[in-house]
Amino acid sequence: MNIVVLVKQVPDTAADRALSEGDHTLDRENTDLVLDEINERAAEEALTLKETTDAEVTVVSMGPDSALDAIRKVLAMGADRGIHICDDRLQGADVVTTARVLAAAVRTVADVDLVLAGNAATDGQASAVPAIVADLLGLPQLTHVRELVLDAKRVRAERETEGGETTLEAPLPALVSVTEKINEPRYPSFKGIMAAKKKPVATIGLDGLFPGADDTGFLVSRTRVVEAVPRPARSAGIRVVDDGLAGRQLADHLIARKLV
């Protein structure tokens, strides 16, 4: 069995984020970057399946040179090989272009049985890339999955959304996107970290994925950020001292702002 895991390097949610002054895209040189946590869970699910089905796991990521760190972490967890899509022309790619490129990379892996991804990246929160990739590859899609079982060339999943819970089943090959409830990802061991340095990672650009494509016809993004300003600092609130009239003061404050 061949499993492909789609991963992304994102800004650390615990650190400050910086945007470049030119096009307002992420300033990677001045922002702490990490492997997205939801992708770690997708990778963990792939590795758990590898242990029970003797699968081969390929990790795929699109991004600049720094994205290689995200790939190496999944390799240290136990994946077998990586594909790094690296091309300056993809800077600021939107979800449609990202999905198109990822789908093209998945096609380079022979006999793929299962594609795993996180349901939404923490930086964009679009929650659309897995579904678009599945559509482009012509695969059944099982999204927002919290539990996954493979059995006799079929995949069975428990799906959870705000609207309720659903049991889904589809034949392989298929694409599955997981939620944070799917598992707890393992930590890379020292042995795994050392082994990851020797595992193969193929680097490929747009020309390799779309040979003969005309740059002028490759629309990287359908939107453009024209202005970005820092969020204003939070102003001091109003303190109500209870001198016997605090209840009235609070009520007047809420009425004045049409909250009651």
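Mentor: Here's a quick tour, from the whole chain down to single residues.

Mentor: This is a predicted model, where local features need pLDDT of at least 70, side-chain atom pairs count only at pLDDT 80 or more, and totals for chains, interfaces and linings use all residues. Residues are numbered from 1 along each chain as its sequence is written, and side-chain values use heavy atoms, with hydrogens and water left out.

Trainee: What does the chain average for pLDDT?

Mentor: The average is 89, and 98% of the residues score at least 70. pLDDT is the predictor's confidence in each residue, from 0 to 100.

Trainee: Which elements have the lowest and highest mean pLDDT?

Mentor: Strand β2 (residues 9-11) is lowest at 88, and strand β5 (residues 81-85) is highest at 97.

Trainee: How many helices and strands are there?

Mentor: The chain has 7 helices and 11 strands. Those are DSSP runs numbered from the N terminus: helices are H or I with at least four residues, strands are E with at least two.

Trainee: Now Ser177. Buried or exposed?

Mentor: Ser177 is buried, because its relative accessible area is 2%. The cut-offs are under 20% for buried, over 50% for exposed and partly exposed in between, with a 1.4 Å probe and protein chains only.

Trainee: Where does Ser177 lie, and what does it touch?

Mentor: Ser177 lies in strand β10 (residues 174-178). Leaving out residues up to four places away in sequence, Ser177 touches Ala117, Gly118, Asn119, Pro130, Leu142, Thr143, His144 and Val145. Contact means heavy atoms within 4.5 Å.

Trainee: Switching topic: which helix is Phe190 in, and why does Phe190 count as exposed?

Mentor: Phe190 is in helix α5 (residues 190-196). Phe190 counts as exposed because its relative accessibility is 65%.

Trainee: And where is Gly237?

Mentor: Gly237 sits in the loop between α6 (206-209) and α7 (246-256). With a relative accessible area of 70%, Gly237 is exposed. C-alpha to C-alpha, Gly237 and Glu169 are 52 Å apart in space, and 68 residues apart in sequence.

Trainee: Last one: what comes after α1?

Mentor: Asp54 follows α1, and the phi of Asp54 is positive, near 60°. Helix α1 itself covers residues 37-53, and its buried residues include Ile38, Ala42 and Leu49.

Trainee: How much of the chain is buried overall?

Mentor: Of its 260 residues, 40% count as buried.

Note on methods
Expected span 1.5 Å × (residues − 1).
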